[in-house]
Amino acid sequence: MSGLTIDKVLPGSIAEELELAPGDRLLSVNGHPLRDVIDYNYFTADDELELEVEKGDGELWELEVEREEGEPLGISFQAPAPARCGNNCVFCFVHQLPRGLRGPLYVKDEDYRLSFLYGNYVTMANIGRAELDRIKEQRLSPLYISVHATDAALREKLLGKSGILPILDVIRELAEARITMHTQVVLCPGWNDGEAFARTVHELAAMHPWVASLAVVPVGLTEHRQNLPALAPVTKEFAADFIGKWYPESLRLEERLGEPFLFLADEFYIKGDVPFPALDNYGDLPQLENGVGMIPLFLSEAEQVLQEAEALKPAKLTVVTGESPYRYLSDFLERLSGATGVAMQPVAVRNRLFGPTITVTGLVCGADVVASLQGMELGDVVFVPDVMLKEGEGVFLDDLTLDDVERQLGVEIQVVESTPYGIYDALVQRLG
């Protein structure tokens, strides 16, 4: 069904003057039927609009709008239902989830619209000519594309899907239309490393600047891989060797292209026990949400915080984290304790839900926090990083709430932003 259901109407807005209300459906703008919020943004760019609206009682209204340049209509819409993923990727994390988690975690989306709107990575394996034409016509840029391999046969093997458009053809067409793309490779040893990875890097770099960046992240393997293809983990030796070869190559590419292009995920440096490059090597951090540059950014920000930190009221508290960033957080908290006089105890939470190979903070569940902290002297409060919780809901991956964890541990839980300033600001608010 075409049209968008209105979720909210801003008080004092044009929409309120037009007597639009939540639950009404905006069917078309200037004669163009609306499929989603992208259509709405695209077709409402003009200052003179003709709106077709279906009211909550089924009555159809036709409205004419004249507005000042850039003046918003003042309506927002319910989030679109994402297109489902039809791939069967050999490394799919959803296929490795244990039972008993909340339902939405088992849903795989594959929607180029969410790539444009929210920066979600998509493989583009479920698009055809109509979708490509729309991307170009409506200038849906930038997009975030999971490439994994540019060799078409290898990519189909990795995605577990045949008959898809060759990704190089797709990216080349989008580049010719001047659509900016950020790309990624999930590196699976023995599958898309070695010569296959070298080919991927070379062929994507050839389409710079429209292919603006390429991140490579190590495959994540849980202990729940039943009846799935055999995959080798990224070991300490593999990670160190990979950095030894590809970090120098990233510098050569930067010199040739004029800006950083190839980015190695933080997890490679952590697994390989290799020092991180300086933050300057990450440019404007285009792959930060992909786990690239988070630790260098944390270390840089930590130095700024330590220069500003002042003495606070004495207190004792605990800060939890995943195992990967523990050493960096621990060093920061030790120095911050010296500057503020607040005793801060870092605790690395072992991931019992997914298994010991999963060490990132964002995949720590509530039950594992409880298991790691029970029986310890926790102090006045436990700081929990926001990345452990579903945004806006205060719920862990296993559906435990903050209240559940507080009750089981018998101590106050406070959610803090998972940055040096986030931790320090929380201290100042409590103890300043």
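Tutor: Helix H4 spans residues 129–137, and its buried residues are Leu-132, Arg-134 and Ile-135. Buried means under 20% relative accessible area, with a 1.4 Å probe and protein chains only. These residues sit on the same side of H4, because they cover an arc of only 160° around the axis. The arc is taken from the directions from the helix axis to the C-beta atoms. Helices here are DSSP runs (H or I, at least four residues), strands are E runs of at least two, and both are numbered from the N terminus.

This is a predicted model: local features need pLDDT of at least 70, side-chain atom pairs count only at pLDDT 80 or more, and totals for chains, interfaces and linings use all residues. Residues are numbered from 1 along each chain as its sequence is written, and side-chain values use heavy atoms, leaving out hydrogens and water.

What do the buried residues of H4 pack against? Their partners are helix H2 (37–43), helix H3 (112–118), strand S7 (143–146) and helix H6 (167–176). Contact means heavy atoms within 4.5 Å. After H4 comes Arg-139, with a positive phi near 55°.

Now the helix pairs. The axes of H10 (residues 294–308) and H11 (residues 326–340) come within 11 Å and cross at roughly 0°. Axes are lines fitted to C-alpha atoms, for helices over the stretch in contact, and angles run from 0 to 180 degrees between N-to-C directions. H10 is therefore roughly parallel to H11, a label for angles under 35 degrees. Among the residues in contact are Phe-298 of H10 and Phe-332 of H11.

Note on methods:
Buried means under 20% relative accessible area, exposed over 50%, partly exposed in between (1.4 Å probe, protein chains only). Angles under 35 degrees count as roughly parallel, over 145 as roughly antiparallel, 65 to 115 as roughly perpendicular and the rest as oblique.
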